[in-house]
Structure formats: structure tokens, C-alpha cells
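Please keep the sequence and the 3D view at hand while reading.

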Amino acid sequence: MTEIENLSLADVLQAFRSRSLLPSELLEIYIDRIERLDSQLNAFVHLDLEGARRQALVADAHWQGNGPKASLLGIPVGIKDIIDVVGMPTLCQSAIRAGHVATRDAAIVAKLRQCGAVILGKLATHEFANGLPSFDLLSPPARNPWNLDHHPGGSSSGAGAAVAAGLVPLAIGTDTGGSVRHPATACGIVGFKPTYELLSRDGVFPLSPTLDHVGILTRNAADAGIVLCALSPDEEPIAPGVISDIRVGIVRHFHTNDLCADAEVASGIEDCVTILAENGADVREVSLSPLMDYFSVNRAILHAEAFRIHADWLKERPQDYGRATLESLLVGAFLDERSYKTALGWRSTMAEEIDAVFSNVDIVVCASAMEPPSRFDQPAETARTYTRQARTPFNITGHPALSVFTRLSRSGLPLGVQFAAARNRDSYLLAAAQAFETARGAAPRPSCDWTQ
Amino acid sequence: MKISDRDLSTEAAAFDLTKALDLDPQVVQAARQRALMIRQRMDDRAQSERSSFKHGTSNDRD
């Protein structure tokens, strides 16, 4: 029997509906896991247990009553700590923000509350969602629940770790160059970056406003679909797609020519393509610009915009930044205006290129990470994983994209693959991913039994 | 978001800034190196596009 903390959102909502489980009971199960596991995992940087219990009791009353039920009524959620939650600090993992307390909810948090979700606390990030996992910041970096010696991906590190470890069934992160999809890949869950601006960035501390996306981390694509429909009511309810109806474009050159992926990562991608083909999908190979062109454009825009946002603090309080963040922010100081404008120009060309691909295929399949999750004691290797990845194209172009589990590596770490679709086909993308997950079979969960 | 000419530093201004802040030279050099790699890659693509246009091909992958 599935443990309650591993139930899908659909099953949890059904259990609420049938009154076999109350939101307050579910919340206590998650709080118990947080109290047992998070001192080693470091996923949460702030918890509001009293507030969450109060919200859960309100949700209990609604489920026990006869009135209409909000779409996420009683579902606990963790929020990346660059997103404002009223009454909670938004420290962005930085001494620069010490003492900050949000005076209002970000739009995404207000929407979650409107949908009845229970806001449990704030989740670890890199400093200002920038830089790397670092030990010179306010809090230690979150760790990977599959193996605490390994990085859970970033910058939505706490979100990935918390969902994978069953500390919360839903987390909200942000993705500027892959920061939702990276932890999802490294932790073996689903990280979904919707079409640009589908989810509001109001109340989110910006990293690079023209690239920043608010995203959803859940244990599977069906759960992400439930959340998307709740947060964006224009989206149609998601039914699993039928694989034989899907035209798939596989972009192999990203991980075979442009960058050379680890053999197990590449095998996982081929496993995915095989599953899709064997279930009747029309699979063809497609080509895009070299991956490093996308990466350079993403970084030119990101560093230029981030430098502008931080310019005053950099002048006044450089000592309050961590070393990796400082180095990343200073890159923008060395990028001239011509580079930024050139990058913006290519952005349009690249968007047209990917739009053209979607006139012939329904989804694109490509690598997410090129390596399995890195070790904390190999910082150079960890830094390399931030450049050796295939997530930046869809931040530049704004197409919806997600990471989904493929297999475990020989050393027991999760590997993933990326799916993308045409802009505003977010529901379709999630339905296709759900169909793949059904054909693939349930993804394993980490045991979180670290003491043995 | 629009970044105006004066918002973005030239390399000389960047060095002035980092010098004035007395930052770790290794951090400054690492940042500069990363910026140069980004600019180099973009210059290479621009060169490739100019070359493709001159020779009548649509792009370097088709």
C-alpha cells in the first residue's frame, strides 16, 4: 500500500472528498517527516507550522461541510525563498536581505491560497537564485535525498529535495536557466516551467526578468497538471495523452555533438525515445542551433539584467555576497551593451527556429542534465553541471518545458529527460508527459533512510 | 525590461568598479573570463551567420 506521503495529489484530493483523510491529518504526516529528516536535508529555511495548522483546520471544516471545494483545498505547499509570503522572511539566502519580512503575498502565493493550499514554509535556494550551492551563505545548501553527499540541483534546491523526500507534495520554484528542471532531474521528480508569464512573477525577487519563469515541482506530471489547472483556470483539465497520437522530435545533437552526455544519461534518453516509439509515437530527429549558442545568449541576457538589479548593492555591500554569487554577478559588469542587444536579437531568431520545429512535431524530447547529480566534495564538477545542460533554450524562447524521470544510475541516483512543447500548449505537454510516465511505470522514491 | 547604454558598464568601467571595491582579484578575473567566453561564442555565431549569408546557406545546421 502506498504511504500517505507518497499518494498522488489526485488520490489525496479523493481521500479528502471521501472523508477518509483530513487536511490536518495529512499536514501532521508531513510535519513529522520534516522534523525527522530536514535537519540533514536542509530543504526548508523557514517553517510556519502554527500558520499551516490553522490553514489546515480551516480546510478540514470546508471538506466536512457541503459547500464548494477549492481546487487545492488542504494541499501543503513549500515556496522557494525568493517568493514573497506575507509575514515570512524572503531572505533569498543572502545577508543582503537580513531582517526582511514580506508585507504581502506574491501573486502565485495569493493564487495558491485562493485555491485552498496550505502554505507550509520557505525552501532553500542559491543566493538570489544565482551562483552555486555554497557554504558561505545564511543557510547550508539543501542536499539530495537519494544520497546526502550529492547536490539536489539548483537553484530551486530545497523545492526539489523536499518534494522528492516526501516533505511536501508540491513546491513552487523559479526557472531562469533551468532552476526548476535541474533539481527535478537531480531528484527524480517532475519540474515544470510553463510558457513565459503564464504564472505571474509579481512578488518574486527577480534574477533576470525577461528569462524568469515561476514553475511547479511535483512527484509526477499528473500532479503538475492538477496544479496548473488550479493556478491557471484557462488551462483545460488534463487527461493522459495517447502516445500513438504524439509526434515527437528528438534533439540528439544537444547531448551527442554539442555536449557529450554521460553514457547512463544518454541511455536514459534513448529509453524514453524507445518507450514513446514502441507505444506508437511518430518519432523523428530534429535539429536546432548548437546548444552553446543558446547557452551564451541565455547567459548574456541573464548576467546583464542581474548586474543591473544588483549594481547598487554591489557598490555598497560587496562583502555581504557569497563568493560564487559575487563572481556570477560581476560577469554582467564585463558584458557590454552590444553583447546584450545582440543576445536579444538572437533570442527572436531562436524562438522562430523552435516555433518552426513545432509546426511539424507536438513535443520535443532532449537532454536536461548531461551528468548524474554531482558530489558536494567536487565543487568544480558541480559548477560544470550548470553549463553542461540543455535547459536554457526554453528560457530564451519562453516555450513550456519539463523534466521527467527516466531511470536510476548504477550508483542509485535519478536521471531525467526534458520534454518541451509549443507556447501555450502547457496542458498538452503535461498530458504527453503523463502518458510517458504511464508507459514507463511508477518512478522509484528515495528511502530517506540515511542513518543506516 | 530595457537596459540603457549607461546602465551597462564597459570593461574599463567594470575594472574601475572592481578596483574601487577592493574585490578579490581571482573573483574579478573569473568573472571577466566568463564574460569573455560568452562574448567570444556570440562573436563566433555572428561570424558564422555572416559566412552562411555570404555563401547562401540558411544556417549552420540545415
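Leaving out residues up to four places away in sequence, A:Tyr428 touches A:Asp245, A:Ile246, A:Asp362 and A:Ile363. The model is a predicted one, and contacts such as these are computed from its atoms. A:Tyr428 sits in helix α15 of chain A, which covers residues 426-440.

In sequence A:Tyr428 is 187 residues away from A:Gly241, yet their C-alpha atoms are 7.6 Å apart in space.

Helix α12 of chain A, residues 337-357, contains A:Met350. Is A:Met350 buried or exposed? Its relative accessible area is 0%, so A:Met350 is buried.

Neighbours within four places in sequence aside, A:Met350 is in contact with A:Asp293, A:Tyr294, A:Val297, A:Ile396 and A:Thr397, and also with B:Arg45 of the other chain. A:Met350 and A:Ser289 are 61 residues apart along the sequence, and 7.7 Å separates their C-alpha atoms.

A:Asn6 belongs to the segment before α1 of chain A. With neighbours within four places in sequence set aside, the contacts of A:Asn6 are A:Arg219 and A:Arg445.

A:Asn6 has 24% relative accessibility and therefore counts as partly exposed. How far apart are the C-alpha atoms of A:Asn6 and A:Val163? They are separated by 9.7 Å, while the two residues are 157 residues apart along the chain.

## Backbone details in the loops

The peptide bond that joins A:Gly154 and A:Ser155 is cis, with omega at about 15 degrees. A:Ser155 is in the loop between β3 (118-123) and α5 (157-164).

Two residues have a positive phi. A:Arg19, a residue other than glycine, has a phi near 65 degrees. A:Arg19 is located in the loop between α1 (9-17) and α2 (23-41), and its relative accessibility of 47% makes it partly exposed. A:Asn424 is not a glycine either, and its phi is about 70 degrees. The loop that holds A:Asn424 runs between β11 (414-421) and α15. With a relative accessible area of 57%, A:Asn424 is exposed, since the exposed class begins over 50%.

## Chain A as a whole

Chain A contains 15 helices and 11 strands. Along the principal axes, the C-alpha atoms fill a box of roughly 60 × 60 × 45 Å.

Of the 452 residues in chain A, 65% are buried. Among the contacts in chain A with a separation of 6 or more, 78% are between residues 24 or more positions apart. The accessible surface of chain A is about 15100 Å², and carbon and sulfur atoms make up 50% of that area. There are 39 positive and 52 negative side chains in chain A, and the centres of these two sets are 2 Å apart.

## Chain B

Chain B has 2 helices and 0 strands. Buried residues account for 29% of its 62 residues. The accessible surface of chain B is about 4300 Å², with 49% of it belonging to carbon and sulfur atoms.

## Confidence in the model

The model scores ipTM 0.83 and pTM 0.94. For chain B, the mean pLDDT is 67, and 48% of the residues reach 70 or more.

Which stretches of chain B have a pLDDT that stays under 50? One is residues 1-9, for which the model has 26 contacts beyond four places in sequence. Another is residues 56-62, for which the model has 11 such contacts.

How values were computed. Residues numbered from 1 in each chain as written. Chains lettered and ligands numbered in written order. Predicted model: local features only at pLDDT ≥ 70, side-chain atom pairs only at ≥ 80, totals over all residues. Heavy atoms only, no water. Helix = DSSP H or I, 4+ residues; strand = E, 2+ residues; numbered from the N terminus. Buried < 20%, exposed > 50% of the residue type's maximum accessible area, 1.4 Å probe, protein only. Contact = heavy atoms within 4.5 Å. Areas by Shrake-Rupley, 256 points an atom, 1.4 Å probe, with all protein chains shown as cover. Lys, Arg positive; Asp, Glu negative; His and termini not counted. Charge placed at Lys NZ, Arg CZ, Asp CG, Glu CD. pLDDT = per-residue confidence, 0-100.
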